[in-house]
Amino acid sequence: MALTLLLVLALLALGLAVTLPMFIVLIGTAFIAFALTTPIPLSILPQRVFAGLESFPLLAIPFFVFAANIMGKGGLSARIVRFIQTLVGHLPGGLGITVVITCALFGAITGSSASTIVAVGGILYPALLNAGYTERFALGVVTGSALLGMIIPPSNAMIVYGAVAGASIGALFMSGVGAGAVFAAIYSGYCYGWAKWNRIPVAPRASLREVWQTTREVFWGLGMPAIILGGIYGGVFTATEAAAVSVVYAAFVCTVVYRELDLKGLWEVCLDSALASARILIMVAAASLFSYLLTVTGMTAAIAQPFAELKGSPDKVLLVANLLFLVTGMFIDVFSNILILVPILIGTVTAAGIGPVHFGIVTSVNVDIGNVTPPFGLNLFVASGTFDKPYLAVVRAVLPWLGLALLSLAIVTYVPELSLWLPKQMYPGVR
Amino acid sequence: MNAAAAARVGWWSGLDRALGAAEWTFIGGALAFTSALLFLNVILRYVFLAPLNWAEELTLYLMVWIVFVGGSVAVRTRGHIAIDLLPLVLSSANRRRLAIGVALVALVFFAVFFWYSGQHVLRVRSIGQTTPVMGAPMWLTYLAMPVGSFLMGLRTVQFLVRTARARRAEGVHLIDLHD
């Protein structure tokens, strides 16, 4: 057993280090480990890969990706930026705060943080440099704030967690609002303090006329979160249907109202989104086979056992779970992280009296932070590519924001009322 | 390059382009179609009180096909999620060697996965299992796996041939991330 674990870890590390695609590393490791250490016929393994995809809730992911891409390409990100800038741009650190709040609002139409870097950072990163912010601050604030994309609902991480843990995706989405507010408040406070300290010039306040104008422009785009959350909460449709409805809504707004996309542009967005979805879901399929490997070979039980002894102390359970997620998040992606660790931890978590939604928001925030933890945080590479900066410069720039994110994570973990208040108002009995 | 070799390249690049276009059209078309289908289904349920009971199932299985055919597109565009830290510290010649080595390993993987998933398809086909709602043959949904791994393997061979021919393999380590 210990030998199997060693073999698995060695294969994972080797495969990832030599830049093999991650889904090949996960499935390949599982094949080799099954062949060498179990009598299970390899021919049943493809079925487990397939089973990882065969889940209706997971289907929400491609549609949310599609809807967010339409909105991003169809002019909504620029409109949100202008809107937020007229509201907070005149504060000290106003442009930094604009990044944070724009990421939060953009998070309400996207479920991923990588797409938030591209959509929001692409516009605001040059603006920050022009306004006299240092390159390090600018890189850090756009890469760090993009985490809000996966915390504010909809969230791809919450969809996968909900599918694995059997928790209500609607309630999970609602809990993201409070957790996102914690992040946004802490990040904005840091922008304010940093800009005061570094004497960044303050921009003039926008006129009421400008505020009205930008509000009108952004109004249609912000109808989308209303449809998503209202529809799911009102029981009008499932999260997956909400995602499909928001695709049609986004297409309508961007082609008919904003007129920034024609049918050809829409088709190109569709192609990109289908590819992005394939890329995400193939990882989900691979990770579920890997999780099966851990269960069948008894590794899940072996890892879970010392953890289970903590169940008398919920605080310790949360602490250890957080540390586990953070360490694995340094090496693997969001979806594998959830699919591999949640089945191991959920038994003890439930036994310790921690609610599935509380643990869900902690998990989602934590795996999202894994996007910016070196060495292998995905968003570090995305930011490095998007802003054409060396990888190490991105890592250095992100460090203070990583610290703030960990502080926010601690608050979300140990003050559950902040994130659970909203779902409790809507779904009685949510924990 | 002699005439025969040129003809061979022309023949292959034509097929490659046609196959690529077919894959793109399939995954884009399926995503657009399923979005519209689920939207329509919500309307049918609330306005006409008559939802299509097969809409969810069809969407689910089309999505499986999108994943595996899209997997091939991602191999062709070097778009799969990978951790590309090592190439940053390698010389361009070693980077090329690494890319070739990785492609060979991937090729073996696709061959193994093709073999086992193909066997699974044949087995399901011989049992005659059908999908729960539509009653469609279940092996058609599992077929996405061998077809996908065949296409991915084909794209990997193509990459190997291209890299072996190219003098410098600049940019092969770069991955494209837009999710």
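Let's start with confidence in chain B: among the elements of that chain, helix α1 (residues 3–47) has the lowest mean pLDDT, at 86, while helix α2 (residues 55–76) has the highest, at 94. Keep in mind that what you are looking at is a predicted model. Averaged over chain B, pLDDT comes to 85, with 88% of the residues reaching 70 or more. One stretch deserves a careful eye: over residues 169–179 of chain B, pLDDT stays under 50. The model still has 31 contacts beyond four places in sequence for that stretch. Where pLDDT is low, the predicted coordinates should not be read in detail. For the model as a whole, the scores are ipTM 0.87 and pTM 0.88.

Now turn to the place where the two chains meet. Chain A brings 60 residues to the contact, and chain B brings 60 residues as well. Between them, chain A and chain B bury about 5,400 Å², and 80% of that lies on carbon and sulfur atoms. On the side of chain A, the residues that lose the most area to chain B are F50(A), L275(A) and R279(A), which together account for 14% of what that side buries.

What about polar interactions here? Across the interface of chain A and chain B, the rule finds 4 residue pairs in polar contact, counting pairs with both residues at pLDDT 80 or more. It also finds 1 salt bridge across this interface. E241(A) and R45(B) meet through their side chains in a salt bridge, with 2.9 Å from N to O.

Several helices give two or more residues to the side that touches chain B, among them α1 (2–17), α3 (45–53), α14 (239–257) and α15 (263–296) of chain A. The most comes from α15(A), with 14 residues. Sorted by class, the side of chain A that touches chain B holds 46 nonpolar, 10 polar and 4 charged residues.

Finally, take a look at helix α11 of chain A, which covers residues 169–197. Its 29 residues reach 42 Å from the first C-alpha to the last, close to the 42 Å expected at 1.5 Å a residue. Both ends have a detail to inspect. The N-terminal end of α11(A) is capped by S168(A), which has a side-chain oxygen 3.4 Å from the backbone nitrogen of G170(A). Just after α11(A), R199(A) takes a positive phi of about 50°.

Notes:
Residues numbered from 1 in each chain as written. Chains lettered and ligands numbered in written order. Heavy atoms only, no water. Contact = heavy atoms within 4.5 Å. Buried area = accessible area lost by both parts, 1.4 Å probe. Salt bridge = Lys/Arg side-chain N within 4 Å of Asp/Glu carboxyl O. Polar contact = N/O pair within 3.5 Å; in protein donor to acceptor, adjacent residues only side chain to side chain. Helix = DSSP H or I, 4+ residues; strand = E, 2+ residues; numbered from the N terminus. Nonpolar A, V, L, I, M, F, W, Y, C, P; charged D, E, K, R; others polar. pLDDT = per-residue confidence, 0-100. Expected span 1.5 Å × (residues − 1).
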